[in-house]
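This briefing covers how two protein chains meet.

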Amino acid sequence: MSKTIVCYKWVKDEADIKVNPDLSVDLSKAKGKISDYDKNAIEAAVQAARLLAGKSIGLTFGTPKTKQSLKDALSRGLEEVCWINTEAAAEADGIVTSKALAAAIKKMDDVSLVICAEGASDTYARQTAPRLGALLQWPVITSVSKIQINGDILSASRKLDDCIETVKVKLPAVIAVLPEICNAPIPGLKAVMAAGKKPIAEYQAGDIGIDFTSKSQVSGLKAYAMNRKNIILEGDTSEKIASLVAALKKEGVL
Amino acid sequence: MAGIYVYSDQSRITAELISFARQTGAAAFALCFSIEQAKAIKDFGADKVYVLQGGSPLVENYGRAVADFLKSQGADLFLVGATARGRDIASRVAGHSDCGMVSDVSSVSWTEGRVSCERLMYGGAVIQEELLSGFCVVSIPAGKFEAETGESSEIVVVEVEADNRVILVDTAPIVREGADLSAADKVICVGLGIEKEEDLQLAKDLADVLGAEIGCTRGISEERHWLPVEKYIGISGAAIKPQLYISMGVSGQVQHVVGIRESKIIVAVDTNEKAPIFRAADYGIVGDLYEIIPLLTRALKKDL
């Protein structure tokens, strides 16, 4: 049976990032979430699998904490998830991530389509899909805003900087989708209940057989300094508005 | 030949990348995929301009061909302009070259075969420093370096094989409604704090008084479909740099804030005093936008 794989990433929620006065960054309290745009990609995979009369499978590469994501992913309509569970994922760059994902995809038969979001909400590096294409030796289409599937031909609209491009490809292929590909509905209670019964495949680092050493070495992390005035205007409504108009005049921006 | 190789689908960025490559003291070579492109970039001081010809109209189809060419040349570094196409081909080349890559750097230096760079993470909230050694790929947005002109470069045509599995069917220019947000002098931004589509009129009235363009957050265009997608501002949408940005009902998630950071003055109006937009703002009014915005419009109308 045809399989549609969607790769997703369990990321730290940027809303929980704490910035210390010296601009050092504290991520220790940050909760995890499925990367925002990956939720749209998951829904796109569920829909594509239906068109291909096949199965949709989530694939994630993450640390043991990624376990929290599995039920959430399954409640979004995927039929299975596959999890590459290793601490090495915490330090992984684009090359390691794509090799780990490609190794897991190669273990599966009858894969018609691999879907990634264009970028993850932590790194937004946008490397995974093109790298997967190179590793799997499959064609790749990025910046995809719409797809149509007819038999084994996929047509895609690509939203580029100045044009919309329509391209087509014979499956199997890898696509990177923009969030506008489709909405990501919040799973209902029934879907959440059903998720608990769906199959989960787990691989350890040793099952994957790749070198987990990143080529890119992270040498520092600091908060972006927002040098803004942060003036909250006080008073009653008319005073606030008068102060704002006066301030904008003084700034010379009106 | 060893040296820094650069590519962008925009000539202006190619010029900037050549300029950076030359500043490092390395030889600078520019790649392109047609004679017309070669002519457009031959006066920016590259040691050579290589035209890779393989008969495909899609630059992305040359990923493997570029990787093979760079390997045969013994390239030290491949710099690519971070446009939609550029990011794509850069990542393909990194994949086929089995090498490291840093995407969308905010700063970069290259000395003795080592790349040191900074890039933004978490929607721009965090700056990460990265080091790479050996051949690698770096994608760089427009405007990071000053372009220069130089003596006319020699143009060398190289026959390569394109990967023709992805077929171009059609290209349609993006029809933008109204002016280009990224060039707007003033922007009024609408967020999910707006309750009904017809309430966009509040933003329109304010925009009319100020001569501003209207933008929005991702939710307004992609979830509610109240404004076209090219109107949304943020990490996957438009990046703006107006003199004045005024938000109404925008909470200020980092994915949005990264798109407005180059604004000169940021004004926020929102009911939630804890909304992150106020930390990103110069001036904030905590209050009901349905009350504040019409009064602000009236005050400005009287004043301007």
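Two strands count as paired if DSSP finds at least two bridges between them. The model is predicted. In it, strand β14 (residues 217-223) of chain A and strand β8 (residues 126-133) of chain B are joined by six bridges and run antiparallel. Contact between the chains involves 85 residues of chain B and 71 residues of chain A.

**Strand pairing**
- One of the residues in the pairing is A:Lys222, whose bridge partner in β8 of chain B is B:Ile127.

**Extent of the interface**
- Interface size is often expressed as the accessible area lost when the parts come together.
- Chain B and chain A bury about 7,100 Å² between them, and carbon and sulfur atoms give 56% of that area.
- On the side of chain B, the residues that lose the most area to chain A are B:Tyr122, B:Arg165 and B:Tyr283, which together give 10% of what that side buries.

**Polar and charged pairs**
- Seven salt bridges are found across the interface of chain B and chain A.
- A salt bridge links the side chains of B:Arg85 and A:Glu165, with an N to O distance of 2.7 Å.
- Polar contacts between chain B and chain A number 44 residue pairs, counting those with both residues at pLDDT 80 or more.

**Make-up of the chain B side**
- Helix α4 (residues 84-97) of chain B gives the most to the side that touches chain A, with nine residues.
- The residues of that side of chain B comprise 44 nonpolar, 18 polar and 23 charged.

Technical notes: Residues are numbered from 1 along each chain as its sequence is written. Chains are lettered from A and ligands numbered from 1 in the order in which they are written. This is a predicted model: local features need pLDDT of at least 70, side-chain atom pairs count only at pLDDT 80 or more; totals for chains, interfaces and linings use all residues. Side-chain values use heavy atoms; hydrogens and water are left out. Contact means heavy atoms within 4.5 Å. Buried area is the accessible area (1.4 Å probe) that two parts lose on being put together, summed over both. A salt bridge is a side-chain nitrogen of Lys or Arg within 4 Å of a carboxyl oxygen of Asp or Glu. A polar contact is a pair of N or O atoms within 3.5 Å; within protein, one must be able to donate a hydrogen and the other to accept it, and residues adjacent in sequence count only if both atoms are side-chain atoms. Helices (H or I, at least four residues) and strands (E, at least two) are DSSP runs, numbered from the N terminus. Ala, Val, Leu, Ile, Met, Phe, Trp, Tyr, Cys and Pro count as nonpolar, Asp, Glu, Lys and Arg as charged, and the others, Gly among them, as polar.
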